[in-house]
Amino acid sequence: MELSCPGARCPVQEQRARWERKRACTARELLETERRYQEQLGLVATYFLGILKAKGTLRPPERQALFGSWELIYGASQELLPYLEGGCWGQGLEGFCRHLELYNQFAANSERSQTTLQEQLKKNKGFRRFVRLQEGRPEFGGLQLQDLLPLPLQRLQQYENLVVALAENTGPNSPDHQQLTRAARLISETAQRVHTIGQKQKNDQHLRRVQALLSGRQAKGLTSGRWFLRQGWLLVVPPHGEPRPRMFFLFTDVLLMAKPRPPLHLLRSGTFACKALYPMAQCHLSRVFGHSGGPCGGLLSLSFPHEKLLLMSTDQEELSRWYHSLTWAISSQKN
């Protein structure tokens with residue numbers, strides 16, 4: 001039986017009206033952005049992929065490495081858009097979820113794609129000239145190919161935001177409520193997997209960069225099984241004598257201390273010699289001073305079974321960031 005609210009709108013009716021307004025606004029945004037997304041996918045498919053296939057400027061392996069599953073993602077958008085234009089949100093998005101694996105594949109290939117683009121622009125004169133010509137077309141509005149390649153991954157994040165909002169503002173009695181709820185869950189799970197892939201790729205880049213900066217027996221093997229957290233200069237305070245500046249690299253499982261090579265070193269100028277690796281699982285951390293937030297910096301004490309480190313910084317904010325990162329690394333080894 002419906003509750004009557006004489007003289008005023010019922011709170012339940014007002015809530016339903018708010019849901020409906022938010023749903024309509026979200027649906028309109030999803031439709032408008034999908035049209036623009038499909039247009040951009042189509043421009044790349046036509047003016048880059050299609051012409052490259054016809055001209056043979058890139059061999060098929062390089063073309064596949066550069067664009068990955070782009071054409072299949074474009075096809076998935078072409079399949080989805082008519083449902084959105086017809087207001088069949090649940091049915092269209094449920095069908096679209098069958099193609100979500102394409103976004104996982106595209107994310108896994110993204111680092112290879114960027115590497116291929118840079119390599120081909122550098123060594124393939126014909127490809128470089130072709131890219132400049134296509135990027136100059138008015139349809140691209142000044143966007144370069146490297147700006148367009150991440151488009152599907154950016155769109156996946158938009159899908160998550162919009163479809164989750166659409167599901168949340170669809171009443172449980174709506175005929176497409178279950179379809180939208182299921183689509184929101186599947187898209188969110190895919191977005192999380194893609195985020196994890198991206199984080200791992202960034203971490204691998206950091207590890208390779210750090211490995212290239214370091215020399216010494218202890219520095220070998222840094223490219224597997226660990227996550228990079230931060231790096232920076234700190235002063236090592238010895239029992240006697242003056243503090244010595246050292247470069248520190250913090251990973252989830254170890255703290256690496258390195259000494260800079262002399263600037264005039266013939267082969268390794270600008271690199272660092274690894275001096276020590278400290279296991280974070282055996283570290284006990286405390287602040288000796290540097291709690292007050294004043295301008296005088298601070299001192300951290302790191303105790304290991306066979307050694308104790310006193311690390312100093314004159315920048316207290318920087319020292320606080322190191323303290324929190326070290327605390328996180330230690331706790332991650334104990335969980």
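What percentage of the 335 residues of the protein chain count as buried? The figure is 43%, with buried meaning under 20% relative accessible area (1.4 Å probe, protein chains only). Keep in mind that this is a predicted model, where local features need pLDDT of at least 70, side-chain atom pairs count only at pLDDT 80 or more, and totals for chains, interfaces and linings use all residues. Residues are numbered from 1 along each chain as its sequence is written, and side-chain values use heavy atoms, leaving out hydrogens and water.

On to the fold. The protein chain has ten helices and eight strands, taken as DSSP runs numbered from the N terminus (helices H or I, at least four residues; strands E, at least two). Take the contacts (heavy atoms within 4.5 Å) between residues at least 6 apart in sequence: 59% of them join residues at least 24 apart.

Now look at helix α2 (residues 60-67) and helix α5 (residues 101-123), whose axes come within 6 Å and cross at roughly 125°. Those axes are lines fitted to C-alpha atoms over the stretch in contact, with angles running from 0 to 180 degrees between N-to-C directions. The two helices are therefore oblique to each other, the label for whatever is left once under 35 degrees is called roughly parallel, over 145 roughly antiparallel and 65 to 115 roughly perpendicular. On the α2 side, Pro61, Leu66 and Phe67 are among the residues that meet α5, whose own partners include Phe106, Arg112 and Leu117.

Finally, there's Glu135, which sits in helix α6 (residues 125-135). Glu135 touches Phe48, Phe140, Leu143, Gln144 and Leu145, not counting residues up to four places away in sequence.

Note on methods:
Buried < 20%, exposed > 50% of the residue type's maximum accessible area, 1.4 Å probe, protein only.
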